[in-house]
Amino acid sequence: MSVLTMGVSTVTTQVYAGQRPGTSGLRKKVTVFQQPHYLENFVQAIFDVVPELKGGTLVLGGDGRYHNRAAVQTILKMAAANGVARVLVGQGALLSTPAVSCIIRKYAAVGGIVLSASHNPGGPDGDFGIKYNVTNGGPAPEKITEAIYQATTTISEYKTYSAADIDIESLGEYTLGDMQVIVIDPVSDYAELMEGLFDFSAIRAWFASGKRMRFDAMSAASGPYATRIIEGILGAPKGTVVNGIPLEDFGGLHPDPNPVYADDLVAHLMATNAPDFGAASDGDADRNMVLGRNFLVTPSDSLAVMAANAKLIKGYAAGIAGVARSMPTSCAVDAVAKKLNLPCFETPTGWKFFGNLLDAGKVTLCGEESYGTGSNHVREKDGVWAVLFWLNLLAITGKSVEEIVTAHWQEYGRHFYSRHDYEAVDTAAANGLMAHLRSQLPSLQGKNLQEQGLGAFTVALADDFAYDDPIDGSRSEQQGIRIIMTDGSRVVFRLSGTGTEGATLRVYLEKFAADVAQHGVETQKALHDLIVIADQLAQIKTRTGRDAATVVT
Ligand code: G16
């Protein structure tokens with residue numbers, strides 16, 4: 001049923017179960033979102049939970065995946081019916097996640113809606129997602145996402161506006177009832193922000209000297225940003241950015257910048273006559289992978305190198321206030337913080353947990369093992385920013401990626417690190433595995449694992465990570481099981497909050513080596529004993545029925 005008043009109609013709807021946002025918004029199969037009123041219910045819940053949007057500005061865009069354009073039209077009409085004064089929408093429905101954050105902040109918007117399932121595959125059979133970002137430009141904190149979820153559990157109607165679709169393919173201004181719609185260039189505000197942070201002349205000179213780079217945009221949102229900035233403003237040769245045109249199905253590939261899904265980039269950087277620098281970004285351009293010629297950089301090391309060298313970069317030359325990392329991220333950045341006497345925070349997985357620390361000025365740089373790094377310039381992780389940070393570092397030091405990272409290890413020691421993912425595992429089996437681990441926590445404390453034939457480790461701490469936000473006092477529990485050894489080695493277990501099929505078990509492994517002679521050991525070899533311990537303690541093989549991880553990063 002639908003009741004029409006002055007173009008605004010109130011549509012009767014029914015509750016859909018399971019609209020609770022995960023680590024980063026609501027992510028489901030496209031076909032789930034295509035059910036009648038499914039998207040509308042969630043969007044109305046946002047308008048109900050954030051009444052400030054009435055009369056305010058909303059930023060709207062997404063990663064270019066299938067269903068984005070249709071969803072943008074639906075949301076524009078609902079925004080008009082819910083009294084939003086102005087919407088800034090990216091041309092072609094495109095806005096990278098960090099660009100949304102930048103634009104919310106620059107134009108003092110009340111918030112933004114990002115249509116993205118990030119690195120998850122796209123297309124009619126792929127995934128779709130939606131998340132709400134708040135006034136600081138960052139992902140809504142749990143208090144708000146939970147309120148949105150609660151609103152979806154009682155919803156009975158939503159408001160929409162009857163009008164023709166807006167032409168979002170062309171820049172321009174339109175009206176929808178009393179609401180103004182401005183179709184904006186997705187790149188220009190973001191490019192201007194980057195120019196203020198980095199030494200573009202030094203990077204231009206680096207390219208002009210014949211240095212080469214390969215940026216793989218994975219047919220996703222970073223393409224237009226990287227092409228305009230790296231090839232356009234910074235003068236890199238045409239062809240430096242590959243897969244630079246966003247495709248609705250990402251070319252059928254998995255837009256996740258890690259050595260498994262960005263294997264083509266890795267192959268190019270391992271080839272003879274490889275470029276000096278390689279980089280990739282994910283579906284919505286907030287993740288990054290960087291690599292040198294014949295040399296992979298782990299995201300945890302990347303964060304540590306950035307923190308150690310921040311003073312060399314224009315935007316951070318005045319010094320950084322502190323650093324933060326998600327709990328499963330390696331402690332490489334902690335070593336830098338210790339030496340530079342900087343505060344260092346450990347938060348649960350999810351960029352939303354960095355927001356309060358950044359707003360309070362407690363930290364400047366943040367990072368996660370899941371190929372995410374960022375700073376206080378926006379309130380999201382930022383793939384193109386991270387690549388520009390590295391380019392700036394290469395340009396002003398004149399060193400190679402390998403030289404920079406190996407010198408870093410010499411100074412701070414090496415934190416060997418790997419994540420083993422078991423994707424699309426049976427949900428009950430995955431929950432059983434976590435429950436089994438939890439039940440062992442009390443008895444693991446202080447245990448000498450060598451006595452069980454499990455490598456020369458003694459457990460210093462075994463717990464289920466809980467975080468007390470130092471700014472707002474909120475507490476988040478059950479954020480991952482940590483088993484920390486007396487030598488600082490760690491095995492961490494979590495279930496992903498971003499998957500859409502069954503459960504994904506993530507096993508994070510870390511071992512520290514101060515001795516330079518050890519630094520050349522192959523990572524999986526260095527972590528071998530911990531891999532065995534993880535399997536034994538969690539009974540991974542028997543409980544998941546898997547012989548090997550789906551993805552090893
Ligand atoms: C999101 C979050 C990140 C998190 C990642 C993985 O990234 O923003 O903070 O590290 O998911 O989360 P999980 O381990 O729960 O799958 P993205 O790039 O998917 O938005």
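**View 1. Lining of the second largest cavity.** Strand β7 and helix α5 (142-152) each give at least two residues to the lining of the second largest cavity. Helices (H or I, at least four residues) and strands (E, at least two) are DSSP runs, numbered from the N terminus. The model is predicted: local features need pLDDT of at least 70 and side-chain atom pairs count only at pLDDT 80 or more, while totals for chains, interfaces and linings use all residues. Residues are numbered from 1 along each chain as its sequence is written, and side-chain values use heavy atoms, with hydrogens and water left out. This cavity holds about 110 Å³ of space. It is lined by 13 residues, of which Gly25, Lys131, Tyr132, Ala140 and Thr145 are the closest to its centre. On a 1 Å grid over the protein atoms alone, a cavity is a set of points where a 1.4 Å probe fits but cannot get out, a pocket is an open set with protein on both sides within 12 Å along at least five of seven lines, and lining residues have an atom within 4 Å of a point. Grid points are joined across faces, edges and corners, and a volume is the space filled by probe spheres set on the points. Six nonpolar, five polar and two charged residues make up the lining. Here Ala, Val, Leu, Ile, Met, Phe, Trp, Tyr, Cys and Pro count as nonpolar, Asp, Glu, Lys and Arg as charged, and the others, Gly among them, as polar.

**View 2. The largest cavity.** Four cavities of 30 Å³ or more are present in the structure, and the largest has a volume of about 270 Å³. Thr23, Ser24, Arg287, Lys381 and Thr498 lie nearest its centre, among 27 lining residues. Its lining comprises 12 charged, 12 polar and three nonpolar residues.

**View 3. The seven-stranded open sheet.** The strand order is β3-β7-β6-β4-β5-β10-β9, with mixed pairing; two strands pair if DSSP finds at least two bridges between them. Strands β3 (26-29) and β9 (172-176) are at the edges with a single partner strand each, so one side of each has no neighbour in the sheet. From one strand to the next the twist averages 20°. Helix α2 (residues 38-49) packs on the sheet and touches β3, β4, β6 (111-115) and β7 (127-133), its direction making about 10° with that of β7. Contact means heavy atoms within 4.5 Å; axes are lines fitted to C-alpha atoms, for helices over the stretch in contact, and angles run from 0 to 180 degrees between N-to-C directions.

**View 4. Pairing of β4 and β5.** Strands β4 (residues 57-62) and β5 (residues 86-94) run parallel and are joined by five bridges. Leu60 has Val89 of β5 as its bridge partner.

**View 5. The largest pocket.** Its volume is about 930 Å³. Gly22, Thr23, Leu495, Ser496 and Gly497 are the closest to the centre, out of 36 lining residues. Two or more residues come from each of β3, α5, α15 (427-444), β25 (490-495) and β26 (503-513). By class, the lining has 19 polar, 10 charged and seven nonpolar residues.

**View 6. The second largest pocket.** This pocket has a volume of about 500 Å³. Among its 27 lining residues, Leu296, Thr298, Arg414, Tyr417 and Thr523 are the closest to the centre. Strand β20 gives the largest share of the lining, six residues. At least three lining residues come from each of domain 2 (190-412) and domain 3 (414-552); domain bounds come from an automatic or database domain assignment.
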